[in-house]
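Here is a short tour in two stops. Keep the structure in view as you read.

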Amino acid sequence: TSSGHLRGYAKVIRDITERKRAEETLRESEERYRVIAETASDAIITIDGESRILFANPAAGKVFGLPVDELLGRELTMLMPERLRNAHLAAMTRYLATGKKMANWGGKEVPGLHRDGHEIPLEVSYGEFLGEEKHFFTGIVRDITERKQAEKEKEYQDMLERFSREIETRVTERTMNLMALTLADRVRNPASVIRLIAKRILEKGEVPERVREGLMAISDQGDKLEAIVKEFQSLLKSRESMFTYEDINEIVSEVLPIAEREARGRGVELDVDFAGGPLKINAQKDLVKIAVYHLLRNAIEATAAGGRVALATWGDGNTVILSVSDTGQGIPEDVVGRIFDPLFSTKTRRFGMGLPLLKQIVSEHMGSIDVESGAGKGTTFRLRFPVRWSENRQEG
């Protein structure tokens, strides 16, 4: 009342059961998310619209090599290679302004940046949620280093298998052709002699008719055999690969992935120095690949861990030169002159059929091989190929 005496009071009672239930549900949901995030093997990172990291689970720290507390509050760009940072910020700005995505948010492969500076292959999936009219983004980040290594291993094994098949096919084909041509020559020579003798006897004129008929049959069969041998030789030659105008740098590049892998496996450094611009020669591409592979493999096998193998190409007037050098034990001077002999080997360095085949291939390309070596001095092979054939051939 106006005198200050209390007459009564009113009480408002509100049932907040639903609110309490909602709060409890939220707490349970947050706890489930926390447990899942803390124990997940994939990295989970949440950022705001300014790309500041608001949350990172322990797996994120392992992936990037940083404690979680050093991630919080920092920009996400610190976990990206420098070349990608401006693009990320531009994409974020555009999305917030327009709602248009510049890339797929599901299962995208991107490189991340480890604390020690090396790049990590990552698979990232993004999600977005709104809170208090602000944008938040959560990414699930998976380190796919092992998967990428497995893919590279399979790619290498497939490449090695294809190349090995190619070498086997070409060597087998050449061996069979050589044997067949040798057999043809051996058949043709005695047949030609018999045919010529028969014709000379016939030319004398004093030959009984019955003998004449027999000699004429011998001569005719000899002519047929000669024709069969020529047809056989033509068929074999038609199967041989034709020379084409090829860039030796491109040929070498097809062999390098295999050689680089073998060099890494032995702890050998492989340096490559290509001449600027193409160096074209007339070549049977697959044969030159085999020659280069043999050179590189021999050099790598001859070089101890920590050593170096260097490959270089350059042009010298009308000649294209390919050089392979190693820092291995070298070849004794009394052995250098014999390394192209078939089946020759030394106790420290076995060449087998590789170098004789190499010499044959280079010779077929009208080229030459120089060898510089000595015990304890390493070895250098230089293959020289002429380019003069280009005057009569069109570039492919």
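**A pocket and a helix pair**

Helix 3 is the top contributor to the lining of the largest pocket, giving six residues. The model is a predicted one. Stay with this pocket for a moment. Its volume is about 720 Å³. A total of 29 residues line the pocket, and those closest to its centre are Leu76, Met80, His88, Lys108 and Tyr126.

Which elements give two or more residues to the lining of the largest pocket? Helix 3 (82-98) is one of them. The others are strand 1 (43-48), strand 3 (108-113), strand 4 (119-131) and strand 5 (134-143). By class, the lining has 21 nonpolar residues, five polar and three charged.

Now move along the chain to the second stop. Two packed helices are described by the angle between their axes and the distance between the axes. Helix 6 spans residues 248-265, and helix 7 spans residues 285-302. They pack at an angle of about 25°, and their axes lie 9 Å apart. Angles under 35 degrees count as roughly parallel, so helix 6 and helix 7 are roughly parallel to each other. Their crossing is right-handed.

Look next at the residues that meet. Helix 6 brings Ile251, Val252, Glu254, Val255, Leu256, Ile258, Ala259, Glu262 and Ala263. Helix 7 answers with Lys285, Val288, Lys289, Val292, Tyr293, Leu296, Arg297 and Ile300. By class, this contact of helix 6 with helix 7 has 12 nonpolar and five charged residues, with no polar ones.

Key. Residues are numbered from 1 along each chain as its sequence is written. This is a predicted model: local features need pLDDT of at least 70, side-chain atom pairs count only at pLDDT 80 or more; totals for chains, interfaces and linings use all residues. Side-chain values use heavy atoms; hydrogens and water are left out. Axes are lines fitted to C-alpha atoms, for helices over the stretch in contact, and angles run from 0 to 180 degrees between N-to-C directions. Helices (H or I, at least four residues) and strands (E, at least two) are DSSP runs, numbered from the N terminus. Angles under 35 degrees count as roughly parallel, over 145 as roughly antiparallel, 65 to 115 as roughly perpendicular and the rest as oblique. A crossing is left-handed if the near helix is turned anticlockwise from the far one by less than a right angle, and right-handed if clockwise. Contact means heavy atoms within 4.5 Å. Ala, Val, Leu, Ile, Met, Phe, Trp, Tyr, Cys and Pro count as nonpolar, Asp, Glu, Lys and Arg as charged, and the others, Gly among them, as polar. On a 1 Å grid over the protein atoms alone, a cavity is a set of points where a 1.4 Å probe fits but cannot get out, and a pocket is an open set with protein on both sides within 12 Å along at least five of seven lines; lining residues have an atom within 4 Å of a point. Grid points are joined across faces, edges and corners, and a volume is the space filled by probe spheres set on the points.
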